[in-house]
Amino acid sequence: MIYENGRGSSHQQQVTCYPFKDVNNWWIVKDPGRHQLVVNNPPRPVRHGDVVQLVHGMTTRFLNTHDVAAPLSPHSQEVSCYVDYNISMPSQNLWRLDIVNRESDTEVWKTILSEVRLVHVNTSAILKLSGAHLPDWGFQQLEVVGEKLSRGYHESMVWNVEEHRYGKSQEQKERELELHSPAQMDVSRNLSFMARFLELQWRMLTAKSDDSEHKYSSSPLDWVTLDTSIAYWLHPRTSAQIHLLGNIVIWASASLAMVVYVLLFFWYLLRRRRSICDIPEDSWLRWVLAGALCAGGWAVNYLPFFMMEKTLFLYHYLPALTFQILLLPVVLQHVSDHLCRSQLLRSLFSALVVAWYSCACHVFNTLRPLTYGDKSLSPSELKALRWKDSWDILIRKH
């Protein structure tokens, strides 16, 4: 999948969780400063705060995460094993060990006893089990993600080691033989692209998130009235910032166009049932086609979110909003051609359209610093742009 901001699948080796034990569960804890996988003699213990690499035993690839959207959790990062497919994407495979239940900052990582979090060095994301089941192409296994915005302790972020082996003993040789034996996995299903696409959409529709709420999450009702925003970036020294925040004039006009279309559609339909045709037949067919495409597209991309039990964000509304905006010129043209029956009304309507367009341009220019982050504003200027109390404009305290 590719999202509008360019984030999407990197086609790396997939990393998942499942509730049984096999050779795919084995990982090698490697010192980033050493090339060899041979253990020191005597072995050097891994302690809280150490930076390590995790090498998958079966494939010898490094555990990796980067700013790419996870398949079912687009607000989180994809976790994979790095494969160099000439994709111009560097490996980011350093992880810092955080022993949650430690008694001191020099605590050693212990089998079974230690509860650890793995913090990605490059992005500060925490390795986490999202709880969502992947579609059949993921063998119904559980999605693993990098949670960049941590909301404190949660059991889905904590891992432990069930078994630990090292050395050159006969037992280790048997383990190496087992690691290089083929894993038994059912790959007999050859799904078509459309089957995978539909299954992924269904999984996203029915996936449940954890009990906690994201800071910038919102409900579908908040989207229509633009009662929410998402802060994406704040300059480390100035107040320059980037938000997902729509043009409130376009947003409201698109919703109004939808209401006008629905009212006129049922008005025409009721009149046609009484054999009264207010508009020519070809205009009626175009009106119906516009509704099927634009109003139908809006409904299909918006109404299902009311049935979802997952964390939702403002950007989920953007596909539905696109269909509403497409409907806006259709409604304006229809009003001009069929409802403004005199030259005076047409001139007045044209003046209103020009005024509306000017307002939209003015709002765009006013909110431009929050859209592109190209200008640092004073606290008073930022407060002036907070047109709704629910907009989360960031004001730096000095």
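What follows covers helix packing, the nonpolar cores and some individual residues. Keep in mind that this is a predicted model.

**How α4 packs**

Start with helix α4, residues 248–273, and helix α6, residues 318–339. Their axes come within 8 Å and cross at roughly 60°, which makes α4 oblique to α6. The crossing of α4 past α6 is left-handed. On the α4 side, the residues that meet α6 are I250, W251, S253, A254, S255, A257, M258, V260, Y261, L264 and Y268. Their partners in α6 are L318, L321, Q324, I325, L327, L328, V331, H334 and L339. By type, the residues of this α4–α6 contact come out as 16 nonpolar, 4 polar and no charged.

Now turn to α5, which spans 281–302. Here the axes of α4 and α5 are 11 Å apart and the packing angle is about 135°. From α4, the contact takes in M258, Y261, L264, F265, Y268, L269 and R272. From α5 come E281, W284, W287, V288, A290, G291, C294, A295 and W298. Those residues of the α4–α5 contact split into 13 nonpolar, 1 polar and 2 charged.

| α4 and α6 | within 8 Å | roughly 60° | 16 nonpolar, 4 polar, no charged |

**The nonpolar cores**

Which residues have the most contacts inside the largest nonpolar core? They are W223, W251, W287, L314, Y317, V331 and L370, in a core of 47 residues. At least two residues of this core come from each of β11 (230–234), α4, α5, α6 and α7 (343–372). Helix α4 gives the most, with 8 residues.

Setting aside neighbours within four places in sequence, W251 is in contact with W223, V224, L226, G246, L314, Y317, L318 and L321. There's also a second, separate core of 14 residues, and L54, V79, C81 and V144 are among them.

**Two positive phi values**

Most residues other than glycine have a negative phi. S124 has a phi near 65°, a positive value. You'll find S124 in the loop between β8 (116–120) and β9 (126–133). L226 also has a positive phi, near 50°, and sits in the loop between α3 (220–224) and β11.

Are these two residues buried or exposed? S124 has 47% relative accessibility, so it counts as partly exposed. L226 is at 0%, so it counts as buried. Recall that L226 is one of the contacts of W251.

**A last stop in α5**

A299 is found in helix α5. With a relative accessible area of 22%, A299 is partly exposed, as buried would mean under 20%. The C-alpha atoms of A299 and F323 are separated by 9.1 Å, while the two residues are 24 residues apart along the chain.

How values were computed
Residues numbered from 1 in each chain as written. Predicted model: local features only at pLDDT ≥ 70, side-chain atom pairs only at ≥ 80, totals over all residues. Heavy atoms only, no water. Axes fitted to C-alpha atoms, helices over the stretch in contact; angles between N-to-C directions. Parallel < 35°, antiparallel > 145°, perpendicular 65-115°, else oblique. Left-handed = near helix turned anticlockwise from the far one by under 90°. Contact = heavy atoms within 4.5 Å. Nonpolar A, V, L, I, M, F, W, Y, C, P; charged D, E, K, R; others polar. Core = buried A, V, L, I, M, F, W, Y, C linked by side-chain atoms within 4.5 Å. Buried < 20%, exposed > 50% of the residue type's maximum accessible area, 1.4 Å probe, protein only.
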